[in-house]
Amino acid sequence: MKLQRKNRLRALSLGAVAVSSALALTACGSDDNGSGNASGGSSATTSGSSVKCDDAKGQLLADGSSAQKNAIDAWTKVFSPACGVQINYKGAGSGAGVTSFTQGQIAFAGSDSALKPDEVAASKKVCDGGQGIDLPMVGGPIALGYNVPGVDNLVLDAPTIAKIFDSKIKNWNDEAIKKLNPGAKLPDLKIQAFHRSEDSGTTDNFTKYLLATTPENWKYSGGKAWQAQGGQAASGSAGVAQGVKQNSGAIGYFELSFAKGIDTVAIATGAKAPVKPSTESATADIAAAKVIGTGKDLALQLDYKTKAEGAYPITLVTYEIVCDKGNKADSLPATKAFLRYIASEDGQKVLAQNDYAPIPAEIIAKVRTTIEGLS
């Protein structure tokens, strides 16, 4: 049995690497809007990557999750010169992206949370004969970055995290933190907990983790809007990361790709050892995700309560949201070409180098099939 399980995990991990790239494409808002001379209906090769442009042309307007900012930059550098298509992604947050999509203002949206029933209903007004669907493209860990002088290997658990972000634990030398870090020299320093100022799928997933693991310490309903009192607000994952980096005593949540130069928390999950955020540890958690969407919708259910060895519990999956039918004719070719590229093996390899976690192979295969059927 142990050998079977080991082989299965290896297969999931290898298959997942293929998917890693997909989701970042829509979320970020890249200002790097490349242009090129590739003609429609051709297959252009750039930097060793094959991009099938078909009839793609013009520009794509999109908005939504900031989680894939660093991934979209990398994809755009390949796709835009190859196909001559501008990618104009605002990256104002998942909530803003879904709103813009349901109002018919953009070709696709990026969201770190799947569409809610009322959002699906609203999408039917702009998807002629169809509706908005969720296409999981990229996964990743939500890191807890911190700035505490002299503390390099901080360990926290769910109850302590909840109390910190709910302003119940206010100093870094609190007894609860000391108990989890017996060898650390914790300073008598005020905690500054940073959260997102705008509606955010990252907030939604972070609070889903707290609700799932320590509901007695997190008495809020959850969702994209931050509900706890106190703390410091900042815009986007980049803003939260910057706040942590610049303020002694700070802690905040953001995707791992924004944690450059920032220490990250290892989480005590009940496994033998606390788990640090990484592509591998997030993949171990996402491998247990279940498809709960119906029809062409591929929304996933994540396991925030995992105690599996090496599995990081605070993960998210970013979805590309498009119409299954009734996409605008002028942007459909470019939308399909872009989605096809980021979901491809070449696109996924780009993501694997940017701290995003792969989605299991069987799920990305369904994503690819769905993209080809968009109309």
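User: Which residues does S237 touch, not counting residues up to four places away in sequence?

Analyst: This is a predicted model, in which local features need pLDDT of at least 70, side-chain atom pairs count only at pLDDT 80 or more, and totals for chains, interfaces and linings use all residues. Residues are numbered from 1 along each chain as its sequence is written, and side-chain values use heavy atoms, with hydrogens and water left out. Contact means heavy atoms within 4.5 Å. On that basis, S237 touches S66, R196, T202, F254, E255 and F258.

User: Is S237 buried or exposed?

Analyst: Buried means under 20% relative accessible area and exposed over 50%, with partly exposed in between (1.4 Å probe, protein chains only). Because its relative accessible area is 0%, S237 is buried.

User: Which side chain forms a polar contact with the side chain of D204?

Analyst: A polar contact is a pair of N or O atoms within 3.5 Å; within protein, one must be able to donate a hydrogen and the other to accept it, and residues adjacent in sequence count only if both atoms are side-chain atoms. D204 counts as buried at 3% relative accessibility. Leaving aside neighbours within four places in sequence, D204 has contacts that include K116, G223 and K224. At 2.5 Å, the polar partner of the D204 side chain is the side chain of S113.

User: What percentage of the chain's residues count as buried?

Analyst: The chain comprises 375 residues. The share of them that count as buried is 56%.
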